[in-house]
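Colleague: Can you walk me through this one? I have some questions about how the chain is put together.

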Amino acid sequence: SYSSRDGGYGGDRAQGSRGGGFGNAFGSGGGGGGGGAIAAGSSTNLSSSEAVVVGGALTPADLHALTALFYSRSLADLDASLAPLTSSVQVAWERAFTVLTARFGSLVREVLSDAGATRHLLIFNPKHQDMLVHCWFDRRTDKVSLNAVRRELEMVSPAEAADTAADIERALREVENEHVENVVNVLLGFLWTELLI
């Protein structure tokens, strides 16, 4: 079983916009949910000539631009011991993504871009809808990326007292780490079963 170490987010990216949260952008259920057009557990194929309505038209370029607004850290940056998972370990990523989709069910939004060549999984944190794990797999190159994403770097109101803000941020970090651990443990369980085949 995997347990995360205390990673962190750098302050090197411009802060994302405040307001609606991931739920409104991607139609997730729960606290930040907005009821967009991508249904729970569904797969959406985005091509250059097609747009899917998710609070507006979303093209593959829009998806990349949208994710760039948020704070994203590679899981390998958060914990260097995870680097081999995406770089040197041979993983059947198509099957791994199917297992992740089945395991996390309604928390998953799947998007296919580049004429179906790139598969994205957005796995929302069940305890905080402004956090997710974004996994993508390029079927042409077998390149994969696993990232912890926050809607905003600072998710605590500036009006909070310093000691209260620190406590809130520590609690948010624990919620985030727990979700990352759950995703990684599902992947490690999948790899273990692959050894038995």
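Colleague: What share of the contacts with a separation of 6 or more comes from residues 24 or more positions apart?

Modeller: For this predicted model, the figure is 62%.

Colleague: And how many helices and strands are there?

Modeller: Six helices and eight strands. Read from the N terminus, the order is α-β-β-β-α-β-α-α-α-β-β-β-β-α.

Colleague: How much of the chain counts as buried?

Modeller: Of its 197 residues, 46%.

Colleague: Let's go inside. Which residues have the most contacts in the largest nonpolar core?

Modeller: Trp93, Leu100 and Ile123, in a core of 27 residues. Two or more residues each come from helix 3 (75-78), helix 5 (93-104), strand 6 (118-125), strand 7 (128-138), strand 8 (143-150) and helix 6 (162-195). Helix 6 gives the largest share, seven residues.

Colleague: What does Ile123 touch, leaving aside its neighbours within four places in sequence?

Modeller: Its contacts are Leu100, Phe104, Leu107, Val108, Leu132, Val133, Cys135, His179 and Val183. There is also a second, separate core of six residues, and Leu66, Phe70, Leu122 and Leu132 are among them.

Colleague: Thr118 next. Is it buried or exposed?

Modeller: Thr118 has a relative accessible area of 4%, so it is buried. It sits in strand 6. Beyond four places in sequence, it is in contact with Val111, Leu112, Ser113, Trp136, Phe137, Asp138 and Arg140.

Colleague: What does the side chain of Thr118 make a polar contact with?

Modeller: With the side chain of Asp114, at 2.8 Å. Asp114 also has a salt bridge to Arg140, where the closest N and O atoms are 3.7 Å apart. That pair links distant parts of the chain, 26 residues apart: Arg140 is in the loop between strand 7 and strand 8, and Asp114 is in the loop between strand 5 (108-113) and strand 6.

Colleague: How accessible are those two, Arg140 and Asp114?

Modeller: Arg140 is exposed at 56% relative accessibility, while Asp114 is partly exposed at 34%.

Colleague: How many salt bridges does the whole structure have?

Modeller: Ten. One of them joins the side chains of Glu94 and Arg139, at 2.3 Å from N to O. Glu94 is in helix 5 and Arg139 in the loop between strand 7 and strand 8, so this pair ties together parts 45 residues apart in sequence.

Colleague: Which residues are linked with Glu94 and Arg139 in a network of salt bridges?

Modeller: Glu110 and Arg119. As for accessibility, Glu94 is partly exposed at 30%, and Arg139 is partly exposed at 34%.

Colleague: Where does the pair of Glu178 and Lys127 sit?

Modeller: Glu178 is in helix 6 and Lys127 in the loop between strand 6 and strand 7, 51 residues apart. Their side chains form a salt bridge at 2.9 Å, N to O. Glu178 is partly exposed at 32% relative accessibility, whereas Lys127 is exposed at 54%.

Colleague: Last topic, the surface. Which residues form a nonpolar patch there?

Modeller: Trp192, Leu195 and Leu196, which together have about 420 Å² of accessible area. Trp192 belongs to helix 6 and is exposed, with a relative accessible area of 57%.

Conventions. Residues are numbered from 1 along each chain as its sequence is written. This is a predicted model: local features need pLDDT of at least 70, side-chain atom pairs count only at pLDDT 80 or more; totals for chains, interfaces and linings use all residues. Side-chain values use heavy atoms; hydrogens and water are left out. A nonpolar core is a set of buried Ala, Val, Leu, Ile, Met, Phe, Trp, Tyr and Cys residues joined through side-chain atoms within 4.5 Å. Buried means under 20% relative accessible area, exposed over 50%, partly exposed in between (1.4 Å probe, protein chains only). Helices (H or I, at least four residues) and strands (E, at least two) are DSSP runs, numbered from the N terminus. Contact means heavy atoms within 4.5 Å. A polar contact is a pair of N or O atoms within 3.5 Å; within protein, one must be able to donate a hydrogen and the other to accept it, and residues adjacent in sequence count only if both atoms are side-chain atoms. Patches are made of residues with over 30% relative accessible area and no salt bridge: like charges are joined within 9 Å, nonpolar side chains (Val, Leu, Ile, Met, Phe, Trp, Tyr) within 5 Å. Accessible areas come from the Shrake-Rupley method with a 1.4 Å probe; for residues, only the protein chains shown count as cover. A salt bridge is a side-chain nitrogen of Lys or Arg within 4 Å of a carboxyl oxygen of Asp or Glu.
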